[in-house]
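Please read the points below alongside the sequence and the model.

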Amino acid sequence: MTARPLIIGVTGGIASGKSTVAHAFARLGIPWVDADDIAREVVAPGEPALAEIRQRHGPRVLLEDGCLDRRALRDIVFADDAERRWLESVTHPRIRERLGERLENFRQRDIPYALLVSPLLLESGQRELVDRCLVIDVPEPLQIERTARRDGVDETQARAIVAAQMPRDERLARADDILANDGDERHLADRVAELDRQYRALAGLPPTP
Ligand code: ADP
(Lines give C-alpha, C1' and ligand atoms only; values in the text may rest on other atoms or scores of the structure.)
Protein backbone atom coordinates (compact mmCIF):
# COMPACT_ATOMS: atom_id res chain seq x y z
CA MET A 1 0.00 0.00 0.00
CA THR A 2 1.22 3.53 -0.76
CA ALA A 3 2.37 5.32 2.36
CA ARG A 4 0.40 8.34 3.47
CA PRO A 5 2.15 11.48 2.26
CA LEU A 6 3.77 13.91 4.65
CA ILE A 7 1.03 16.07 6.20
CA ILE A 8 1.71 19.65 7.24
CA GLY A 9 -0.73 21.25 9.68
CA VAL A 10 -1.23 24.96 8.97
CA THR A 11 -2.62 27.07 11.77
CA GLY A 12 -2.72 30.62 13.10
CA GLY A 13 -5.09 33.13 14.66
CA ILE A 14 -7.96 34.87 12.90
CA ALA A 15 -6.90 36.63 9.68
CA SER A 16 -3.29 35.51 10.12
CA GLY A 17 -3.36 34.39 6.47
CA LYS A 18 -4.09 30.63 6.61
CA SER A 19 -6.31 30.63 3.48
CA THR A 20 -3.96 32.92 1.58
CA VAL A 21 -1.05 30.59 2.40
CA ALA A 22 -3.07 27.49 1.41
CA HIS A 23 -3.83 29.08 -1.98
CA ALA A 24 -0.15 29.88 -2.46
CA PHE A 25 0.75 26.22 -1.82
CA ALA A 26 -2.08 25.12 -4.14
CA ARG A 27 -0.45 27.12 -6.94
CA LEU A 28 2.57 24.83 -6.45
CA GLY A 29 0.33 21.76 -6.80
CA ILE A 30 -0.12 21.03 -3.11
CA PRO A 31 -3.64 20.00 -2.02
CA TRP A 32 -5.23 20.81 1.32
CA VAL A 33 -8.10 19.83 3.57
CA ASP A 34 -9.88 22.69 5.33
CA ALA A 35 -10.95 21.85 8.89
CA ASP A 36 -13.62 24.60 8.76
CA ASP A 37 -15.35 22.75 5.90
CA ILE A 38 -15.31 19.53 7.90
CA ALA A 39 -16.59 21.36 10.99
CA ARG A 40 -19.60 22.47 8.92
CA GLU A 41 -20.11 18.97 7.52
CA VAL A 42 -20.38 17.26 10.91
CA VAL A 43 -23.33 19.47 11.95
CA ALA A 44 -25.21 19.25 8.64
CA PRO A 45 -28.83 17.96 8.70
CA GLY A 46 -28.91 14.20 9.22
CA GLU A 47 -25.63 14.14 11.15
CA PRO A 48 -25.66 12.69 14.70
CA ALA A 49 -23.91 15.78 16.12
CA LEU A 50 -26.80 17.99 14.98
CA ALA A 51 -29.30 15.63 16.61
CA GLU A 52 -27.40 15.87 19.92
CA ILE A 53 -27.28 19.66 19.71
CA ARG A 54 -31.01 19.84 18.97
CA GLN A 55 -31.74 17.56 21.89
CA ARG A 56 -29.79 19.79 24.26
CA HIS A 57 -30.82 23.25 23.06
CA GLY A 58 -34.12 22.71 21.27
CA PRO A 59 -35.47 24.50 18.20
CA ARG A 60 -33.87 27.84 19.12
CA VAL A 61 -30.60 26.63 17.54
CA LEU A 62 -32.22 25.56 14.27
CA LEU A 63 -33.14 27.60 11.22
CA GLU A 64 -36.47 27.06 9.46
CA ASP A 65 -34.88 24.73 6.91
CA GLY A 66 -33.53 22.45 9.67
CA CYS A 67 -29.93 23.63 9.37
CA LEU A 68 -27.99 24.67 12.44
CA ASP A 69 -28.37 28.35 13.37
CA ARG A 70 -24.64 28.84 13.89
CA ARG A 71 -25.02 32.38 15.18
CA ALA A 72 -27.57 31.35 17.85
CA LEU A 73 -25.30 28.52 18.99
CA ARG A 74 -22.27 30.79 18.98
CA ASP A 75 -24.11 33.26 21.25
CA ILE A 76 -24.92 30.45 23.71
CA VAL A 77 -21.40 29.05 23.92
CA PHE A 78 -19.71 32.47 23.95
CA ALA A 79 -21.65 33.29 27.12
CA ASP A 80 -21.24 29.92 28.86
CA ASP A 81 -17.98 28.07 29.13
CA ALA A 82 -19.58 24.78 30.20
CA GLU A 83 -21.75 24.83 27.07
CA ARG A 84 -18.71 25.54 24.93
CA ARG A 85 -16.95 22.52 26.41
CA TRP A 86 -20.03 20.37 25.88
CA LEU A 87 -20.27 21.44 22.24
CA GLU A 88 -16.59 20.72 21.71
CA SER A 89 -16.99 17.26 23.22
CA VAL A 90 -19.72 16.56 20.65
CA THR A 91 -18.02 18.05 17.59
CA HIS A 92 -14.24 17.80 17.99
CA PRO A 93 -13.90 13.98 18.02
CA ARG A 94 -16.15 13.76 14.95
CA ILE A 95 -14.21 16.47 13.13
CA ARG A 96 -10.95 14.74 13.98
CA GLU A 97 -12.21 11.37 12.76
CA ARG A 98 -13.45 12.77 9.46
CA LEU A 99 -10.25 14.75 8.92
CA GLY A 100 -8.31 11.53 9.44
CA GLU A 101 -10.43 9.87 6.73
CA ARG A 102 -9.82 12.75 4.29
CA LEU A 103 -6.08 12.60 4.91
CA GLU A 104 -6.14 8.86 4.28
CA ASN A 105 -7.59 9.61 0.82
CA PHE A 106 -4.31 11.27 -0.07
CA ARG A 107 -2.74 7.80 -0.08
CA GLN A 108 -4.31 7.18 -3.47
CA ARG A 109 -2.90 10.32 -5.04
CA ASP A 110 0.46 11.11 -6.49
CA ILE A 111 1.37 14.17 -4.42
CA PRO A 112 4.54 15.24 -2.64
CA TYR A 113 2.80 16.29 0.59
CA ALA A 114 -0.51 17.78 1.71
CA LEU A 115 -1.82 20.41 4.13
CA LEU A 116 -4.40 20.31 6.87
CA VAL A 117 -5.49 23.94 7.35
CA SER A 118 -7.13 24.44 10.72
CA PRO A 119 -7.65 27.37 13.10
CA LEU A 120 -7.88 24.84 15.97
CA LEU A 121 -5.04 22.50 15.07
CA LEU A 122 -3.39 22.93 18.48
CA GLU A 123 -6.57 23.32 20.56
CA SER A 124 -8.66 20.34 19.49
CA GLY A 125 -6.42 17.27 19.30
CA GLN A 126 -5.78 17.63 15.55
CA ARG A 127 -2.04 18.01 16.06
CA GLU A 128 -1.76 14.23 16.23
CA LEU A 129 -3.07 13.97 12.64
CA VAL A 130 -0.12 15.88 11.14
CA ASP A 131 3.63 15.40 10.90
CA ARG A 132 4.62 19.05 11.28
CA CYS A 133 3.02 22.27 12.38
CA LEU A 134 3.38 25.48 10.36
CA VAL A 135 2.20 28.56 12.25
CA ILE A 136 1.22 31.65 10.27
CA ASP A 137 2.15 34.59 12.45
CA VAL A 138 1.23 38.27 12.31
CA PRO A 139 1.84 41.05 14.81
CA GLU A 140 -1.38 41.80 16.68
CA PRO A 141 -2.02 45.35 15.36
CA LEU A 142 -1.82 44.05 11.77
CA GLN A 143 -4.01 41.06 12.67
CA ILE A 144 -6.66 43.36 14.10
CA GLU A 145 -6.50 45.63 11.04
CA ARG A 146 -6.85 42.65 8.63
CA THR A 147 -9.70 41.12 10.67
CA ALA A 148 -11.61 44.42 10.78
CA ARG A 149 -11.17 44.99 7.05
CA ARG A 150 -12.02 41.46 5.93
CA ASP A 151 -14.94 40.77 8.30
CA GLY A 152 -16.42 44.28 8.48
CA VAL A 153 -16.13 44.43 12.29
CA ASP A 154 -14.81 47.35 14.32
CA GLU A 155 -11.47 47.37 16.10
CA THR A 156 -12.99 46.56 19.51
CA GLN A 157 -14.77 43.48 18.15
CA ALA A 158 -11.64 42.32 16.32
CA ARG A 159 -9.63 42.76 19.52
CA ALA A 160 -12.16 40.66 21.50
CA ILE A 161 -11.97 37.82 18.96
CA VAL A 162 -8.17 37.83 19.07
CA ALA A 163 -8.21 37.88 22.89
CA ALA A 164 -10.47 34.78 22.99
CA GLN A 165 -7.98 32.75 20.91
CA MET A 166 -4.79 30.95 21.91
CA PRO A 167 -2.12 33.53 22.82
CA ARG A 168 0.38 34.23 20.06
CA ASP A 169 3.40 33.17 22.16
CA GLU A 170 1.84 29.83 23.04
CA ARG A 171 1.10 29.06 19.40
CA LEU A 172 4.61 30.05 18.32
CA ALA A 173 6.14 27.86 21.03
CA ARG A 174 4.43 24.84 19.48
CA ALA A 175 5.43 25.57 15.87
CA ASP A 176 7.88 23.48 13.87
CA ASP A 177 7.95 26.17 11.18
CA ILE A 178 6.83 29.79 11.23
CA LEU A 179 5.68 31.95 8.33
CA ALA A 180 5.86 35.62 9.34
CA ASN A 181 3.03 37.14 7.31
CA ASP A 182 3.79 40.79 7.98
CA GLY A 183 4.92 41.63 4.47
CA ASP A 184 3.09 41.88 1.16
CA GLU A 185 1.71 38.92 -0.80
CA ARG A 186 4.93 38.69 -2.82
CA HIS A 187 6.87 38.15 0.39
CA LEU A 188 4.36 35.48 1.40
CA ALA A 189 4.73 33.67 -1.94
CA ASP A 190 8.54 33.68 -1.61
CA ARG A 191 8.34 32.18 1.86
CA VAL A 192 5.86 29.54 0.68
CA ALA A 193 8.28 28.57 -2.14
CA GLU A 194 11.04 28.21 0.45
CA LEU A 195 8.87 26.03 2.70
CA ASP A 196 7.81 23.98 -0.33
CA ARG A 197 11.46 23.17 -1.04
CA GLN A 198 11.95 22.16 2.59
CA TYR A 199 8.82 19.96 2.66
CA ARG A 200 9.69 18.25 -0.65
CA ALA A 201 13.11 17.43 0.78
CA LEU A 202 11.52 16.10 3.97
CA ALA A 203 9.21 13.97 1.85
CA GLY A 204 12.30 12.56 0.13
CA LEU A 205 11.58 14.18 -3.24
CA PRO A 206 13.91 16.04 -5.57
CA PRO A 207 13.45 19.84 -5.63
CA THR A 208 11.25 21.30 -8.37
CA PRO A 209 13.26 22.61 -11.32
P1 ADP B 1 -7.22 33.36 7.73
O2 ADP B 1 -7.55 32.29 6.72
O3 ADP B 1 -6.07 33.02 8.62
O4 ADP B 1 -8.40 33.83 8.54
P5 ADP B 1 -6.86 35.03 5.35
O6 ADP B 1 -5.93 34.24 4.50
O7 ADP B 1 -8.31 35.07 4.99
O8 ADP B 1 -6.70 34.65 6.90
O9 ADP B 1 -6.26 36.50 5.41
C10 ADP B 1 -6.94 37.53 6.15
C11 ADP B 1 -7.03 38.80 5.31
O12 ADP B 1 -5.73 39.35 5.18
C13 ADP B 1 -7.55 38.55 3.90
O14 ADP B 1 -8.35 39.65 3.54
C15 ADP B 1 -6.28 38.48 3.07
O16 ADP B 1 -6.50 38.89 1.74
C17 ADP B 1 -5.36 39.44 3.82
N18 ADP B 1 -3.94 39.08 3.72
C19 ADP B 1 -3.38 37.89 4.06
N20 ADP B 1 -2.04 37.91 3.86
C21 ADP B 1 -1.74 39.13 3.39
C22 ADP B 1 -0.53 39.78 2.98
N23 ADP B 1 0.66 39.18 3.06
N24 ADP B 1 -0.61 41.05 2.52
C25 ADP B 1 -1.80 41.68 2.47
N26 ADP B 1 -2.99 41.14 2.84
C27 ADP B 1 -2.96 39.88 3.28
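1. The second largest pocket is lined by 17 residues, and those nearest its centre are Gln-143, Val-162, Met-166, Arg-168 and Arg-171. A pocket here is an open set of points on a 1 Å grid over the protein atoms alone, where a 1.4 Å probe fits, with protein on both sides within 12 Å along at least five of seven lines, and lining residues have an atom within 4 Å of a point. Its volume is about 200 Å³, taken as the space filled by probe spheres set on points that are joined across faces, edges and corners.

2. This is a predicted model, in which local features need pLDDT of at least 70 and side-chain atom pairs count only at pLDDT 80 or more, while totals for chains, interfaces and linings use all residues. Residues are numbered from 1 along each chain as its sequence is written, and side-chain values use heavy atoms, with hydrogens and water left out.

3. At least two residues of the lining of this second largest pocket come from each of β4 (132-137), α6 (140-151), α7 (155-164) and α8 (168-173); helices (H or I, at least four residues) and strands (E, at least two) are DSSP runs, numbered from the N terminus. By class, the lining has 8 nonpolar, 4 polar and 5 charged residues, where Ala, Val, Leu, Ile, Met, Phe, Trp, Tyr, Cys and Pro count as nonpolar, Asp, Glu, Lys and Arg as charged, and the others, Gly among them, as polar.

4. Leaving aside residues up to four places away in sequence, His-92 touches Leu-120 and Ser-124, a contact meaning heavy atoms within 4.5 Å.

5. The count of salt bridges comes to 18, each being a side-chain nitrogen of Lys or Arg within 4 Å of a carboxyl oxygen of Asp or Glu. One of them joins Glu-52 to Arg-94, with the closest N and O atoms 3.1 Å apart. This pair links distant parts of the chain, with Glu-52 in helix α3 (residues 48-57) and Arg-94 in helix α5, 42 residues apart. Glu-52 is partly exposed at 30% relative accessibility, and Arg-94 is partly exposed at 25%.

Conventions
Buried < 20%, exposed > 50% of the residue type's maximum accessible area, 1.4 Å probe, protein only.
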